[in-house]
Amino acid sequence: MNTKKWAGVLVPRETYEELVAVAFIEGRTIGGQLRMMFEFWKSKNLTANDLGVVHEQVKKNKAARKQAEKEALDEAIAQELKDFH
């Protein structure tokens with residue numbers, strides 16, 4: 001699985017089974033069904049301010065992940081150079 005594009009989510013088995021059934025009825029993939037349900041929920045439950053907070057938090061999370069990946073790569077390169085010498 002390409003973890004830069006996709007993420008796994010743990011849900012109770014009963015919830016998963018119902019999600020699969022609803023996705024089948026609606027003619028969607030499980031991911032498509034989750035996306036549709038979440039977009040509907042956001043539109044009914046979050047204010048414009050809430051959505052702005054969500055957007056900013058997603059940006060911060062992406063930046064933190066990118067920084068952590070860079071640091072891990074730098075550390076791996078440093079270790080390889082150390083091992084080489």
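The exercises below, each with a worked solution, concern a predicted model.

**Exercise 1.** Find how α1 and helix α2 are oriented to each other, and which residues make the contact.

*Solution.* Two packed helices are described by the angle between their axes and the distance between the axes. Here α1 (13–26) and helix α2 (residues 30–45) pack at an angle of about 95°, and their axes are 9 Å apart. Since angles from 65 to 115 degrees count as roughly perpendicular, α1 and α2 are therefore roughly perpendicular to each other. The contact is made by Tyr16, Leu19, Val20, Val22, Ala23 and Glu26 on the side of α1, and by Ile30, Gln33, Leu34 and Met37 on the side of α2.

**Exercise 2.** Work out which parts of the chain the salt bridge between lysine 4 and glutamate 69 ties together.

*Solution.* The side chains of these two residues, lysine 4 and glutamate 69, meet at 3.2 Å, N to O, and a salt bridge requires the nitrogen and oxygen to be within 4 Å. Lysine 4 lies in the segment before α1, while glutamate 69 belongs to helix α3 (residues 48–84), so the pair joins parts that are 65 residues apart in sequence. Lysine 4 is exposed at 68% relative accessibility, whereas glutamate 69, at 40%, is partly exposed.

Technical notes
Residues are numbered from 1 along each chain as its sequence is written. This is a predicted model: local features need pLDDT of at least 70, side-chain atom pairs count only at pLDDT 80 or more; totals for chains, interfaces and linings use all residues. Side-chain values use heavy atoms; hydrogens and water are left out. Helices (H or I, at least four residues) and strands (E, at least two) are DSSP runs, numbered from the N terminus. Axes are lines fitted to C-alpha atoms, for helices over the stretch in contact, and angles run from 0 to 180 degrees between N-to-C directions. Angles under 35 degrees count as roughly parallel, over 145 as roughly antiparallel, 65 to 115 as roughly perpendicular and the rest as oblique. Contact means heavy atoms within 4.5 Å. Buried means under 20% relative accessible area, exposed over 50%, partly exposed in between (1.4 Å probe, protein chains only).
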